[in-house]
Amino acid sequence: MRKIFIVIVIFLPNLIHAQTIVPSTINSDLWIKQNSPYIIESDVVVKGSLVIEPGVVVQIGDAYIDSFKITGKIDVKGTKENPVIFESYGQDTKNWSLVFDSPQYSSIEHAVFRNSLNGLLVRQGEISIKSSTFSKLYG
């Protein structure tokens with residue numbers, strides 16, 4: 001009996017996955033892989049600074065075009081081995097875009113945008129996008 005209990009305790013942490021429900025307003029935050037996926041269930045506005053570390057997955061569900069709006073700045077720091085992934089949450093959700101509406105400089109490196117309306121939309125501001133891919137866009 002003791003051996004079985006030990007095996008369960010050893011493997012239990014590998015079966016538990018974190019997830020973070022994103023609040024509607026972000027003033028300043030750091031998103032890390034261990035808290036992925038970050039789930040956007042309704043409109044979110046980044047008013048301050050958001051840094052997204054390598055390997056983070058952002059899932060956007062039941063959303064409209066302004067569902068993930070940047071009025072501050074965002075720094076996406078994916079790597080070739082651990083890109084940051086922006087994707088739909090659910091099979092039929094495709095009406096979202098990452099919308100930039102800020103005069104502040106933002107950067108995206110090694111990100112994957114998939115199952116989206118446009119992936120991203122720049123209304124205002126300057127953004128650097130490097131080594132990123134866009135697939136299954138419907139806009």
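**Confidence, sheet order and salt bridges in the predicted model**

The protein chain has an average pLDDT (the predictor's confidence in each residue, from 0 to 100) of 85, and 81% of the residues score at least 70. The structure is a predicted model, in which local features need pLDDT of at least 70 and side-chain atom pairs count only at pLDDT 80 or more, while totals for chains, interfaces and linings use all residues. Residues are numbered from 1 along each chain as its sequence is written, and side-chain values use heavy atoms, with hydrogens and water left out.

Helices (H or I, at least four residues) and strands (E, at least two) are DSSP runs, numbered from the N terminus. Among the elements of the protein chain, the highest mean pLDDT, 97, belongs to strand S7 (residues 73-77), and the lowest, 48, to helix H1 (residues 2-15).

An open sheet is formed by 6 strands with parallel pairing, in the order S1-S3-S5-S8-S10-S12. Strand S1 (20-21) and strand S12 (133-137) each have a single partner strand and stand at the edges, so one side of each is left without a neighbour in the sheet. Two strands are taken to pair if DSSP finds at least two bridges between them. S1 pairs with strand S3 (residues 38-40) in the parallel sense over 2 bridges; Ile21 has Ile39 in S3 as its bridge partner.

The whole structure contains 3 salt bridges, each defined as a side-chain nitrogen of Lys or Arg within 4 Å of a carboxyl oxygen of Asp or Glu. Accessibility is classed as buried under 20% relative accessible area, exposed over 50%, and partly exposed in between (1.4 Å probe, protein chains only).

Arg114 forms a salt bridge with Glu87, with the closest N and O atoms 2.9 Å apart. This pair links distant parts of the chain, 27 residues apart, as Arg114 lies in strand S10 (residues 111-116) and Glu87 in strand S8 (residues 84-88). Arg114 is partly exposed at 28% relative accessible area, whereas Glu87 is buried at 14%.

Between Asp101 and Lys69, the closest N and O atoms of the salt bridge are 3.7 Å apart. Asp101 belongs to strand S9 (residues 97-109) and Lys69 to strand S6 (residues 68-70), so the pair ties together parts that are 32 residues apart in sequence. Asp101 is partly exposed, at 23% relative accessibility. Asp75 forms a salt bridge with Lys77, with 3.9 Å between the closest N and O atoms; Lys77 is partly exposed, with a relative accessible area of 38%.
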